[in-house]
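I opened a notebook on this structure and wrote down what I looked up. The entries begin with strands and go on to rings.

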Amino acid sequence: MANPTHTLTVPCALHISGISIDFSNSEKNVESAEARIGESFRSIERDAGKTMRQTFSPPIKLSVGDTFSLHLRYRRRFRKIGHEDIHFDLDNIPRTSDARQEYHKSHDNIEIVVVFSGNTTIEHAEQPDSTSDTTQELQPTTNEIIQICPRFRILVIGKTGVGKSSLINRAFGVHEAIASTHKPGEANIDHEFISPQNDRFVLHDSKGFEPGGEGNVNIVRGFIERRRNMPALKDQLHAVWLCFEIPRAGGRLLETGTEDFLTLKRGGKLGNIPVVVVFTKYDRFINRVNRTLDESSLVGLSPNAVKELIKNKADAELKEICIGPLEKFAGSDVPHATVSTKEDHTETLARLIQITEERVCKHVATEASVMTSIAQRVDPGLKIKASIEVGKRRYWKALASCAAFQDRTTWDCLRVLHTDIVAVWNFHDPHGYLYSHDFRKLVVNMVDKLDVGPTTNPDRTMTVGLSTVGAIAGIVSVLAGPAVPIVVPIVASAVIAKWVYDVYQLSGVVLQRFIAYIVDLTLVLQILYLVSDSRELSRRVIKLAVASYHASPTSGEVHNRIQGYDRKLTLLQRADRDTLDKIIELMELYRIDAKEISAVRAQIPSVDSVPDEPW
């Protein structure tokens with residue numbers, strides 16, 4: 001007999017998604033502000049005029065017993081600098097399950113607005129009566145990783161004009177230049193740049209090595225040594241990008257200071273810190289190579305053959321003017337990547353991130369390499385790789401035998417899986433839509449289609465690649481018409497699938513549902529990556545991704561493959577291993593290759609996210 005159930009009322013958690021400060025009417029000129037939540041400190045960035053603003057993605061959860069205050073550093077007219085802490089009484093803040101609410105506080109004519117996103121857990125859910133202790137929430141694996149390494153820490157070195165700002169903005173999906181243009185002597189290598197649009201990386205900026213610039217070599221060396229000696233992984237430097245613009249034929253790539261730096265690296269004086277040389281503005285270089293071609297050599301060649309000819313000539317020149325001189329001083333231990341920040345060269349940025357992640361994993365720590373994948377926003381394949389790494393640490397590797405799932409509802413078990421996957425994709429989601437009850441309900445009801453049974457031959461293999469991605473792009477184009485509301489068929493009924501309230505119990509059907517939830521959610525987020533293009537998420541854009549996946553051939557193919565999964569559960573160890581292998585197989589099979597991203601995005605029209613629309 002099934003366990004009896006009762007309704008458990010859980011107080012709504014508070015999740016801070018943004019803070020704004022307006023001191024235009026105050027005598028205090030605020031120079032810096034910091035949100036202090038529990039033991040964590042978050043800087044508030046300066047906005048236009050006498051305002052400061054910061055968004056948090058994902059929202060910051062205020063746990064029971066946490067304190068919340070703002071620490072201000074200010075200057076009064078003709079007075080010295082002062083400091084002040086403004087405390088918030090959490091008992092006075094209404095707790096509601098609404099998607100968004102604002103809490104206003106005034107202090108010395110300083111107007112403060114704290115934006116709270118909706119509760120990301122069920123407030124009223126059927127729970128099993130059990131003698132087991134299930135009062136504690138299942139803890140996401142990403143929480144542990146973020147505690148050890150909350151941000152990917154990178155040092156970018158390069159002269160003014162080399163394209164550092166564009167590189168950082170594209171690689172990490174932010175829209176404002178973080179690495180400001182410095183005049184000689186202005187760059188402060190110890191300053192931490194943290195973007196409000198993506199707080200999973202921290203940037204240190206250094207000017208390039210000018211001729212005779214031995215001083216900057218020493219500054220960089222000292223900085224690397226200081227960071228290397230710090231005990232906590234979160235404070236250590238995880239990677240260095242050394243940036244050069246590809247020179248013209250006959251131009252010199254390496255100045256004396258750069259040669260000295262690379263010699264230090266080759267001699268082991270910089271430790272194991274990964275250094276990747278980045279050759280920038282590849283698109284301009286390709287155009288130069290194209291202009292030097294003899295037109296008579298192109299007669300009779302197809303467009304693809306011409307592209308291949310240009311690429312071969314470009315590779316030969318790069319070997320001569322860039323790679324050869326680099327290897328002379330750096331040896332084989334310093335990898336290189338040639339990049340362009342133009343949309344049609346996204347795969348070059350993806351390759352840079354892949355090289356960096358591989359080196360961080362090998363020479364720094366697994367947690368830092370996972371955070372590299374979380375922070376970047378150019379390669380969905382790395383997101384999937386990181387999701388697998390996170391899943392293999394705890395929950396995915398023991399879906400059939402996980403003791404933590406015992407006596408819990410399926411909804412609670414899926415919640416922790418959901419949180420880990422969404423955290424890895426690291427969208428700009430200040431309102432926490434991807435963590436909301438409504439979005440989780442969409443995914444559950446999509447998984448519920450499994451119970452309908454296969455509609456096509458499960459042995460049929462659909463072509464994966466541009467044909468599949470192109471089909472999805474076509475669906476997105478139709479659904480994303482101007483002013484057309486996005487309708488998701490799977491939410492025609494407002495009732496969530498009943499099985500989510502069942503207490504976890506091992507069976508073939510349960511394993512199928514868990515596999516489907518993980519894979520469906522991942523592939524929906526992959527489409528969301530394509531259509532959102534690192535912009536702030538709206539419900540409309542999320543619904544578009546769900547509807548596109550639901551209507552695509554991919555969703556039916558995925559479910560057919562899951563229903564054909566061998567469900568012999570005589571040995572839990574085998575069931576765990578086989579289930580994990582099946583998840584990895586499906587995610588790898590349907591992931592979009594970085595080389596396809598530019599071609600796919602070219603087929604997708606711009607998607608309007610405003611005005612937003614309800615779920």
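I took buried to mean under 20% relative accessible area, with a 1.4 Å probe and protein chains only. Strands (E, at least two residues) are DSSP runs, numbered from the N terminus. The model is predicted, so I kept in mind that local features need pLDDT of at least 70, side-chain atom pairs count only at pLDDT 80 or more, and totals for chains, interfaces and linings use all residues. Residues are numbered from 1 along each chain as its sequence is written, and side-chain values use heavy atoms, without hydrogens and water.

Entry on strand E9. I looked up residues 110-117 and found seven of the eight buried, so strand E9 is largely enclosed by the rest of the structure. Two strands pair if DSSP finds at least two bridges between them. I then checked valine 115 in E9: glycine 18 stands opposite it, and glutamate 102 has it as bridge partner.

Entry on rings. I counted rings of Phe, Tyr and Trp (its six-membered ring) as a pair if their centres lie within 6.5 Å, and as stacked if their planes are under 30 degrees apart. The search of the whole structure gave 15 aromatic pairs. In one of them, phenylalanine 68 and phenylalanine 88 have centres 4.4 Å apart and planes at 15°, so I noted the pair as stacked. Both phenylalanine 68 and phenylalanine 88 are buried. I also noted a cluster of Phe152, Phe172, Phe201 and Trp241, linked by ring pairs.

Methods
Rings of Phe, Tyr and Trp (its six-membered ring) pair if their centres lie within 6.5 Å; planes under 30 degrees apart count as stacked, over 60 as edge-to-face and the rest as tilted. Buried means under 20% relative accessible area, exposed over 50%, partly exposed in between (1.4 Å probe, protein chains only). Helices (H or I, at least four residues) and strands (E, at least two) are DSSP runs, numbered from the N terminus.
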